[in-house]
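Please read these notes with the coordinates open. They are a list of local points for checking.

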Amino acid sequence: VAAAALLVPPASHDAFSSNVVELTFSPLSFEEKPCTRRRQAKKNTHPKGKHKKAAAATPPPTSTAATFDPSKPIVVDDALLTNEAMLAIVNLEVSDAHVNELAWSCLGYARNGYDLDTDDLTVKEMWDTAQVFPNWLKRFPEPPDFLGVKRDYRPEIDAPVKAACSALVRSIPAEHKQGLKQQLKELGWTGFTLDGLTPNKTRRAQVANWLIFFREELNGVPLEELIRRKQQRAEEEEKEQVERPTGTAKQGVV
C-alpha cells in the first residue's frame, strides 16, 4: 500500500509531549504581527586614521524551527476542508493565495510575523516550521507556491511551482488518488474537460485532492501514529505478497 512520502521522519525522532495545538486560521484575513526592523551595521571609527570595515548586516532567517514533536499533530479547522470548500477551489471561487495558505497550514507552516528590510523597504513573511512534516521540510524550508500566483509559465519561473505541486501529488497514497472526484460527485462536479483546461485549474484540482487526503487521514493524527499505521500496512502488504503466487506489489510513493 502506498504511503505519503512527507510522513516519514528520520528514525531518531522520539515522542515528546502530548499536547495538541490547534492551528486555525482564515486564509483571507489573517492577523498581521508587528514587523521586525532589521538592524543596520554601524560604522566603526578608530583614532589615528585607522578604520575597520563595518560588518554587513545579517538578515534574519525567514523561517524558524524548534525540535519537531512527533506526538503533536497538525490540527486544521474542519470548516476549511469541507467538500463545499474544495468545490470553491476547483471552481476558481477563491484566490490562489487562499489555496496556498490552506495547503501551508495543513503541512504545518505557521506565520509568525514579518521582517522589514530598511535598506530596500521590502517585507518578508516569517514562518515557524516546527510542526512541518520532517521530510517535506527538508525539501521546502519555506512554504512553496503550489499554483503559480504570477501565472508566468516560463520554465525558469514556473519550475519551482511545478516541482512543489508534483511533490504534493506524489505524497497522496494510491487509494486516495480519486478522492476529489469521489467527494465532489455528490455536488455535481465530475472533473475538468480538456476544453479550457489551464495549468492553474489542474493544480487547483491536485491541491484540493491532497487537502481531502489530509482531511481524511492526517488531520489531528500525531506523526508517530501515522508512522505506526504505515508500518502496519507495509507488513500486511508483505504478508499478502508472500501468500499470493502471482501479481506485483503496489508501488509506493516513499
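Does L121 count as buried or exposed? L121 counts as exposed, at 64% relative accessibility; the classes are buried under 20% relative accessible area, exposed over 50% and partly exposed in between, with a 1.4 Å probe and protein chains only.

This is a predicted model, in which local features need pLDDT of at least 70 and side-chain atom pairs count only at pLDDT 80 or more, while totals for chains, interfaces and linings use all residues. Residues are numbered from 1 along each chain as its sequence is written, and side-chain values use heavy atoms, with hydrogens and water left out.

1. Positive phi. L121 is not a glycine, yet its phi is positive, at about 60°. L121 sits in the loop between strand 7 and strand 8 (122-128); strands are DSSP runs of E with at least two residues, helices are runs of H or I with at least four, and both are numbered from the N terminus. L92, also a residue other than glycine, has a positive phi near 60°. The loop between helix 1 (83-90) and helix 2 (96-107) contains L92, which is partly exposed at a relative accessible area of 40%.

2. Strand 7 and D117. D117 belongs to strand 7 (residues 110-117) and is buried, with a relative accessible area of 11%. A polar atom of the D117 side chain lies 2.9 Å from the backbone nitrogen of D119. The cut-off for a polar contact is a pair of N or O atoms within 3.5 Å; within protein, one must be able to donate a hydrogen and the other to accept it, and residues adjacent in sequence count only if both atoms are side-chain atoms.

3. Aromatic pairs. There are five aromatic pairs in the structure. Rings of Phe, Tyr and Trp (its six-membered ring) pair if their centres lie within 6.5 Å; planes under 30 degrees apart are stacked, over 60 edge-to-face, and the rest tilted. One of the pairs, W189 with F192, is edge-to-face, at 5.4 Å centre to centre and 85° between the planes. W189 is buried at 9% relative accessible area, whereas F192 is partly exposed at 31%.

4. Helix 6. The W210 and F214 rings are stacked because their planes are at 25°, with centres 5.7 Å apart. These two residues are four apart in helix 6 (residues 199-218), so about one helical turn separates them. W210 is buried with a relative accessible area of 0%, and F214 is buried with 0%.

5. Ring cluster. W136, F140 and F146 are linked into a cluster by ring pairs.

6. Cysteines. The structure has zero disulfides, a disulfide being a pair of cysteine sulfur atoms within 2.5 Å. C106 is buried at 0% relative accessible area, and C165 is buried at 2%.
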